[in-house]
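We will go stop by stop, selecting a few residues each time.

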Amino acid sequence: MAELLAWLPKGLTALVILVVSWLVWRMTRQAVGLTNERAGLDPTASNFLLTILKYVILTIGVVTALGRVGVNTTSILTSLGVVGLSLGFAAKDALSNMISGLFIFWDRPFVLGDLIEVGGHYGRVDRITMRSTRVVTPDGRMLAVPNTMVVNSIVASYTNFPHLRLDIPFTVGVEENLARVRKIALSQCPSDDLLVEEPPARVVVTALNDYNVAMELQVWLADEKQHIPIRHLLRERLFEALREAGIDMPFQTLALRTLPDRPMGATAGSPAASALPSSPDPPRR
């Protein structure tokens, strides 16, 4: 009982230290949030700073609390270093993701809220953690892409630059007047603030095929985050306008022909295909 009473003040002190550490973390998180709102800090950098501060403050609080109750924190830290080194070799993939997460925060190929395509997956960057990058797809799925994959793959960002160009491909018949087709296509571009005036929209010929002419409507968006609905809108408007104007939009077809019957064993183009020599009469006995 005497030992418990002697240890009780130390335990209460350690508990107070843990509570104070937690309160300091809460206050720090609120202060960083207010600074972010007032100074307009990048949400990606703010999120990374909060993650580092959380681990630092709580680790200091736990180590200090253990020291107040008589635990040799030096030996614990040394043991944790050895254990951490062993775990690092055992969980090299997780460690690689953490290091890759630091590279993402440092290099910043994208920020929170950007629309990106990585590893064949497209979506909005919702969160960047020390292990993975969380991407929300247009159909509402959340993809946790490992940070190593993000660092080692080609990342296409749709929102890193002020404007984004949309390319709407279509085909018309080889007999069509291309100037008339171009005028019809450009007339379907929205006249509101969805597109920019410079550079202007244009229609170009991309290929001369055997059975059609491949063309492309190219427009620059004022808000690159709206590229999916605007793409759908322009594609539908363009099809309806060309159809109502009577523009031929051919598609690839296969022509089947029936050939005349040929005697068995005759090949196409051989003399036997057109006529066979008469066989000699059988010998008489």
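The tour goes from strands to salt bridges and then to charged patches. Keep in mind that this is a predicted model.

**Stop 1**

Select residues 164-172, which make up strand β6. Show the side chains. Which residues are on the covered face, and which on the uncovered one? Leu164, Leu166, Ile168, Phe170 and Val172 form the covered face. Arg165, Asp167, Pro169 and Thr171 form the uncovered face. The numbers skip by a rule: in a regular strand, side chains alternate between the two faces of the sheet.

**Stop 1: an enclosed strand**

Select residues 132-136, strand β3. Is β3 largely enclosed or open? Four of its five residues are buried, so β3 is largely enclosed by the rest of the structure. Buried here means under 20% relative accessible area.

Next, select residues 121-128, strand β2. β2 and β3 pair in the antiparallel sense, over four bridges. Find Ile128 and then Thr133, its bridge partner in β3. A hairpin of three residues joins β2 to β3.

Move on to residues 142-146, strand β4. β3 pairs with β4 too, again in the antiparallel sense. How many bridges link β3 and β4? There are five. Val135 stands opposite Leu143 in β4. The hairpin of β3 and β4 has five residues between the strands. Click on Gly140 in this hairpin: it takes a positive phi near 90 degrees.

**Stop 2: salt bridges**

The count comes to four salt bridges. We visit some of them.

Asp139 counts as exposed, because its relative accessibility is 54% and the cut-off for exposed is over 50%. Arg141, at 49%, counts as partly exposed.

Select Arg124 and Asp126. They form a salt bridge, with the closest N and O atoms 3.5 Å apart. Asp126 is partly exposed, with a relative accessible area of 41%. Arg124 is partly exposed as well, at 35%.

Now select residues 227-244, helix α7. Where do Arg243 and Glu240 lie? Both are in α7, three residues apart, about one turn of the helix. Arg243 counts as partly exposed at 48%. Glu240 also counts as partly exposed, at 29%.

**Stop 3: charged patches**

Arg26 lies in helix α1, residues 2-39. It is partly exposed, with a relative accessible area of 34%.

For a patch of negative charge, select Asp192, Asp193, Glu197 and Glu198, which gather on the surface. Asp192 sits in the loop between α6 (178-186) and β7 (202-208). Asp192 is partly exposed, and its relative accessible area is 45%.

**Last look**

Finish on β3, with β2 and β4 as its antiparallel partners.

Notes: Residues numbered from 1 in each chain as written. Predicted model: local features only at pLDDT ≥ 70, side-chain atom pairs only at ≥ 80, totals over all residues. Heavy atoms only, no water. Patch = residues over 30% accessible without salt bridge, like charges linked within 9 Å, V, L, I, M, F, W, Y side chains within 5 Å. Areas by Shrake-Rupley, 256 points an atom, 1.4 Å probe, with all protein chains shown as cover. Salt bridge = Lys/Arg side-chain N within 4 Å of Asp/Glu carboxyl O. Lys, Arg positive; Asp, Glu negative; His and termini not counted. Charge placed at Lys NZ, Arg CZ, Asp CG, Glu CD. Helix = DSSP H or I, 4+ residues; strand = E, 2+ residues; numbered from the N terminus. Buried < 20%, exposed > 50% of the residue type's maximum accessible area, 1.4 Å probe, protein only. Pairing = 2+ DSSP bridges.
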